[in-house]
Amino acid sequence: MLSRGEYQVLLNQFPDPGANSNAPGDADVLVARALALQNLKKPSDAVDAIDRSLALRRDAAGLLVRARIALLQGQTAEAGKFVDEAIPKAVGPQAMLFKVGMLLRSNENQAALHLSNQMLAKYPGNLLGRFARIEAYFALKQDDKARPEVDDIIAKNPRAEMGLYYRALLFARAGHTKEA
C-alpha cells in the first residue's frame, strides 16, 4: 500500500494499535502508519507513530525510518543522530549508505568518502557503496580516483547503467564530450 501511494487505505486497514499495546507486529504497523502519516502531511502524527514503534523495538530499520521522517521535516541534525544509532545495529550497508547520502547532501564530502571506504571495507564489492564512493570522489574533484573505480564496475557489470553514466560523466568533465 505504501509503494502504491495508498496511504489512507493503509491507515484504515491497520488501525493504531493503541498506546499500551505490545502485541506482535505492533512495531511494524506503527512504522507503516508513520510513513503513511508523513506522506499525508501529518508530521506530528508520523513522529508519534514512529517513536512509539521505536519504544517497542529499536532496530536499524525503524531508526532509518525515523531518520527519513526527520529529514523530510527539515531536521537534519536529528536525522543524523538516528542514522548514527542505526549504523552499529544494521546487518547490511543501508544505514551507512543513508549516512553517506546525508553527508554528500550537506557537502561533507571528505567525511562521505571516509564512510564510503569504511562501508566497502565491511561490505566489499557492494555496488551501491561503490557508487557512493564515486559520488564522493566527484564531489571532491578526484576524477583520477573515480576513473579506475568506474572502469572496474563496468568490467564486472557491463550493463550497470550507473557505471556507464559515471563513465560518460568522467568524459564530459575531462572535456571529451564526443566520447561522453
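In what order do the elements of the protein run from the N terminus on? I read them off as α-α-α-α-α-α-α-α-α-α. I note that this is a predicted model.

**Entry: overall make-up**

I looked up the secondary structure next. The protein has 10 helices and zero strands. I then checked the span of the C-alpha trace along its principal axes. It comes to about 60 × 30 × 30 Å.

How much of the protein do buried residues make up? I found 41% of the 180 residues. For the accessible surface I noted about 10,000 Å². Carbon and sulfur atoms hold 54% of that surface.

I also looked at contacts between residues at least 6 apart in sequence. Of these, 42% join residues at least 24 apart.

Then I turned to charges. The protein has 24 positive and 20 negative ones. Their mean positions lie 3 Å apart.

**Entry: the core**

Which residues touch the most other members of the largest nonpolar core? I wrote down Ile50, Ile69 and Ile134. This core holds 51 residues.

Ile69 is in contact with Ala34, Gln38, Ala46, Val47 and Ile50.

**Entry: Asn109**

I located Asn109 in helix 7, which covers residues 109-122. Is Asn109 buried or exposed? Asn109 counts as buried because its relative accessible area is 13%, and the cut-off for buried is under 20%.

Asn109 touches Leu103, Leu104, Ala136, Ala139 and Leu140.

Most residues other than glycine have a negative phi. I looked up two residues with a positive one.

Asn107 is not a glycine, yet its phi is positive, at about 60°. Where is Asn107 found? I placed Asn107 in the loop between helix 6 (94-105) and helix 7. Asn107 counts as exposed because its relative accessibility is 62%, and exposed means over 50%.

Lys141 has a positive phi as well, near 60°. I found Lys141 in the loop between helix 8 (127-139) and helix 9 (143-156). Lys141 has 69% relative accessibility, so it counts as exposed.

Note on methods
Residues numbered from 1 in each chain as written. Predicted model: local features only at pLDDT ≥ 70, side-chain atom pairs only at ≥ 80, totals over all residues. Heavy atoms only, no water. Core = buried A, V, L, I, M, F, W, Y, C linked by side-chain atoms within 4.5 Å. Buried < 20%, exposed > 50% of the residue type's maximum accessible area, 1.4 Å probe, protein only. Contact = heavy atoms within 4.5 Å. Helix = DSSP H or I, 4+ residues; strand = E, 2+ residues; numbered from the N terminus. Areas by Shrake-Rupley, 256 points an atom, 1.4 Å probe, with all protein chains shown as cover. Lys, Arg positive; Asp, Glu negative; His and termini not counted. Charge placed at Lys NZ, Arg CZ, Asp CG, Glu CD. Lists of a residue's contacts leave out its neighbours within four places in sequence.
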